Each structure stands twice: as structure tokens, then as C-alpha cells.
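Let's take a look at a pocket and some aromatic rings. Have the model open as you read.

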Amino acid sequence: MVKYRRSNWLNRLLLGWGCLVLILITQVSYATTGKTLIVVTEPVFPPFEFQAPGGGLQGFDIDVVNAIGQAAGFQVKYQSIPFDGIIPALKAGTADAAVSAMTITPERAKVVSFSRPYFKAGLAIAVAKNNETVKTLDDLQGKAIAAQIGTTGAATAQKIPDAKVRTFDSAVLALQELSNGNVEAVINDAPVTQYAIKTGNLQDVRVVSQLLTEEYYGIPTALNSPNLELINRGLTTILENGTYAQIYRKWFGTDPPPLPTSAFAPSASATGPASLEALKVITNALPALLAGAVITLQLTAISVLFGLILGSLIGIARFSKTLPLRWVARAYIDFFRGTPLLVQIFMVYFGIPAVLKGAGMTFSFDRFAAAVLALSLNSAAYIAEIVRGGIQSIEAGQSEAAQSLGLDSVQMMRYVILPQAFRRMLPPLGNEFISLLKDTSLVAVIGFEELFRRGQLIVAENYLPFEIYAAVAFVYLVLTLLSSQFFTRLEHWMDPVKR
């Protein structure tokens with residue numbers, strides 16, 4: 001009996017040790033071959049990264065990273081993010097690496113760590129086909145130039161004397177700005193521009209043959225990330241075994257040029273910015289942010305004014321006895337309230353000129369006018385419902401009394417209904433003004449430099465997203481509080497009892 005118990009105890013001990021060893025082997029295997037890296041990218045940069053027809057991502061960069069993961073033994077999970085948000089995401093630790101045709105520069109190397117170069121590229125100038133005057137950077141002095149925000153193309157454009165630089169969230173929008181005739185040139189990576197001209201609807205654009213720079217793309221990670229060695233090991237493997245050359249020939253139809261092991265010697269001072277330096281950046285940024293706040297207020301006030309005029313007419317049209325007029329008013333409200341404001345801005349600024357150009361007419365939009373038009377049309381739909389609700393809130397006896405005095409419908413609306421309804425409409429109109437004040441940040445997508453865009457441009461230069469965007473948020477908060485106080489005092493002034 002004692003012998004049986006000892007044997008049973010020994011079997012359990014051996015079974016426990018076996019399970020423990022199996023768990024350790026599984027964990028080690030998972031750590032070496034089952035690791036998953038979150039890689040962020042902006043999939044609007046063909047042929048490097050863009051959406052596949054059936055969903056998912058495709059492109060040269062995507063194939064390279066997938067091959068690196070296979071060679072180094074890790075899985076890849078992609079996440080889409082705007083280009084100017086890539087470095088902030090790496091600094092915040094929300095991503096392990098990024099691949100988005102990012103040029104290795106000394107400024108970027110101070111805040112992120114780059115892999116060895118994986119692509120040799122250079123900037124080029126794109127101009128209209130009939131433009132024979134622009135051949136070099138010197139020819140762009142004093143001219144309007146488009147570029148993608150946060151790129152070396154944008155940095156190069158900023159150095160051109162007296163140039164009017166317009167930055168966009170993607171290279172596609174910058175090239176569309178050139179196609180619409182709003183700028184003289186686009187400074188962008190040469191392979192991307194050539195691919196867009198070859199495969200896109202940009203037959204009226206050409207690339208100046210001369211390359212402006214010699215640049216190298218790298219895969220960025222957080223500073224001193226342990227994933228960097230893993231990525232470099234996989235990249236070296238595919239460079240040596242011919243996999244990289246196969247991918248290069250697939251996308252560019254030629255053999256790849258030789259690549260160095262490093263784009264430049266790493267700087268000894270490549271550390272994160274100190275708190276004192278961040279405070280200095282914010283202090284220097286305040287004048288630009290305040291100037292952007294003034295533009296934001298102007299944009300909001302003008303848009304609300306036009307929206308109030310148009311919205312009042314549409315709201316009154318909802319009470320028309322003419323059925324088609326009521327249907328048109330209702331359709332307008334449903335369309336502009338049922339579609340995103342961001343889409344409406346794209347339709348107004350990029351869509352209308354493109355459609356008219358396709359019809360053989362030359363037309364270009366001023367950015368301020370396009371922003372006011374889009375915001376006014378959107379605001380009018382909401383104000384129309386506010387006006388309708390305010391008119392319906394007036395008692396029926398008021399209309400009957402006006403009719404008994406011999407007033408027609410226009411006089412009744414002007415002298416009796418609207419003065420009373422306007423006082424009741426003030427609170428929702430104040431809310432609409434404050435909402436529109438914040439929604440003006442959306443016009444940043446067309447390169448209009450209001451408050452939010454000014455913050456984006458500063459972040460693209462200094463890579464301090466939290467500090468700069470916190471300052472932007474504070475300015476917005478001050479503007480909304482002042483607006484709220486203004487409408488509160490206006491309500492008191494129009495209330496005969498409180499006054």
C-alpha cells in the first residue's frame with residue numbers, strides 16, 4: 001500500500017514537471033516565432049502602400065515588411081494612420097514600427113530609431129504639361145507649391161524664398177491640387193509621382209526630369225526599440241537572399257540600386273526633447289496659433305452669417321403651400337445633415353473644379369471661399385430645422401391676430417412671428433455657432449491654415465504632438481467659452497423680463 005502511494009506521488013511529480021517544461025517550450029517558441037508587431041502606415045501612397053481592390057493593403061513597402069517578418073520570424077498587423085501621426089504613435093508606444101516611405105533624416109532620427117535603408121529615392125518637381133518655365137527649385141520662387149504635410153518635400157518647399165506652400169494630408173490631394181490648377185508645382189517623392197501619373201487620372205501633369213535630392217527610406221521604431229534589431233536582421237536576410245530584388249522588380253520593373261547599411265552617422269545627441277525645450281516650442285508656437293484662431297473666428301462668423309440667411313429661407317420654405325418647394329427644402333436638409341461635413345468639403349474644393357474641368361471649363365477655388373461655401377451649406381441645413389422649430393413654437397393665436405389686423409403672410413412673418421421666434425432660437429443657434437467653430441478644423445484637409453492646421457504644421461516640424469495639440473485644445477476652449485458667454489448675454493438682452 002505504501003509502495004503504491006509512493007509510485008502515485010512520483011507519477012504526479014513527473015507529470016507536473018513535464019507540463020511545466022511543455023509550457024516553457026511553448027512560451028519560448030511563441031516569443032521567437034509567434035511575435036506580432038503592430039506596424040502603422042498611411043495607405044494612400046502608391047506604389048509603396050495603398051488599398052488592394054479586394055480589401056487589405058498592397059504595395060512595395062507592404063511586400064518588403066511581410067518578407068522581413070517571414071525572414072525574422074514575426075507576424076505583422078497593419079494599422080492605418082495619417083502620415084503626420086506616425087512618429088507621435090511610435091513615441092506614444094501605440095505602434096511597434098511603421099512603414100510609409102519615410103525618408104531617414106537627422107531631425108527624425110532624434111525622436112525615432114530607423115532601420116538600415118531599404119529604398120533609394122529622391123524628390124522631384126511635378127508641373128502641368130504646358131508649363132515650360134519650371135525646371136529647378138529656383139524657378140519656384142514666389143510661386144504656389146503643394147506638398148504632403150510632414151514630408152521632406154514640404155520641408156524643401158518651405159525653404160524656397162517667397163513660396164506660397166500649401167500642405168495636404170496625402171500626396172494624392174497635393175497632385176489633385178496641381179491638376180485643378182490651384183498651384184504651380186508639387187514637390188514629392190519621384191517614384192510616387194511617376195506612378196500616380198502612370199496609373200491615375202493625371203494626364204495633364206508631368207515630372208521634371210531632374211531629381212532634387214538623394215534620399216533613403218527606413219523603417220522607424222521607437223527610440224532604442226528592441227524590435228529594431230529584429231527588423232534589421234530580417235531586412236539584411238532578404239537583401240542577401242534575393243527576395244528584396246524580386247519585390248523591387250515586381251513593382252518597378254528594374255534591378256534595385258545598391259543600398260548602404262546606414263543613411264548617415266547617428267547623432268550622439270539623439271535623445272528625446274527636454275521639458276524646457278518643449279515649453280520653448282509651445283511659447284514660440286503661440287503667435288502662430290493665435291493667428292490661426294483669428295482665421296478660425298472669421299471663418300466661423302462668415303459661415304454662420306451665410307448659413308443663417310440660407311437656413312432661414314429653407315426653414316420658411318418648409319411651410320410653403322407649394323409641394324415641390326417643400327420637397328426641395330426637405331431634400332436639401334436630408335442631404336447635408338445625412339452626409340459627413342468632411343466629404344462635403346472634398347466635394348466642394350476638389351470635386352467641383354474637377355467636374356467643370358472634365359466639361360471643358362477652367363475653374364479654380366480659393367481655399368477660403370471653398371471653406372466658407374462648404375461650411376455655410378452644411379450649417380444652413382441645421383439652421384433651417386432650428387428656424388422651423390422656432391416658428392412652430394409660436395402660438396397659433398399670434399397668426400390669427402395678425403390676420404385679423406389685415407397683415408399678409410410676409411408681413412405676419414416679418415413683424416409678428418420671426419421677432420418672437422428668434423428669441424427662442426438663440427440657444428440652439430449658439431450651439432450651432434460653437435459646433436461650427438470646432439468643425440472649422442476639418443478644412444485643414446484642403447490645406448487651409450486655420451487654428452488646427454497651424455498646430456499640425458508645428459507638430460510636423462517638432463514632433464511634440466501632446467504639447468502642441470494641448471495648446472491647440474486650450475485655444476479652442478477659450479474661443480468656445482467666450483462664444484458661450486456672448487450668446488448668454490445676448491439672450492438676456494433680448495429677454496424683456498430679464499432686461
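What follows covers the aromatic pairs, then the pocket.

This is a predicted model, where local features need pLDDT of at least 70, side-chain atom pairs count only at pLDDT 80 or more, and totals for chains, interfaces and linings use all residues. Residues are numbered from 1 along each chain as its sequence is written, and side-chain values use heavy atoms, with hydrogens and water left out.

A search of the whole structure turns up 27 aromatic pairs (Phe, Tyr or six-membered Trp rings with centres within 6.5 Å; stacked under 30 degrees between planes, edge-to-face over 60, tilted for the rest). Here are two of them:

| Pair | Centre to centre | Between planes | Type |
|---|---|---|---|
| Phe-346 and Phe-350 | 5.7 Å | 25 degrees | stacked |
| Tyr-349 and Phe-350 | 5.0 Å | 80 degrees | edge-to-face |

Phe-346 and Phe-350 both sit in helix 12 (residues 341-358), 4 residues apart, or about one turn of the helix. Helices here are DSSP runs of H or I with at least four residues, strands are E runs of at least two, and both are numbered from the N terminus.

Why does Phe-346 count as partly exposed? Because its relative accessibility is 26%, and partly exposed falls between buried (under 20%) and exposed (over 50%), with a 1.4 Å probe and protein chains only. Phe-350 is buried at 7%, and Tyr-349 is buried too, at 0%.

Elsewhere, one aromatic cluster includes Phe-45, Tyr-118 and Phe-252.

As for the lining of the largest pocket, helix 5 gives the most, with 5 residues.
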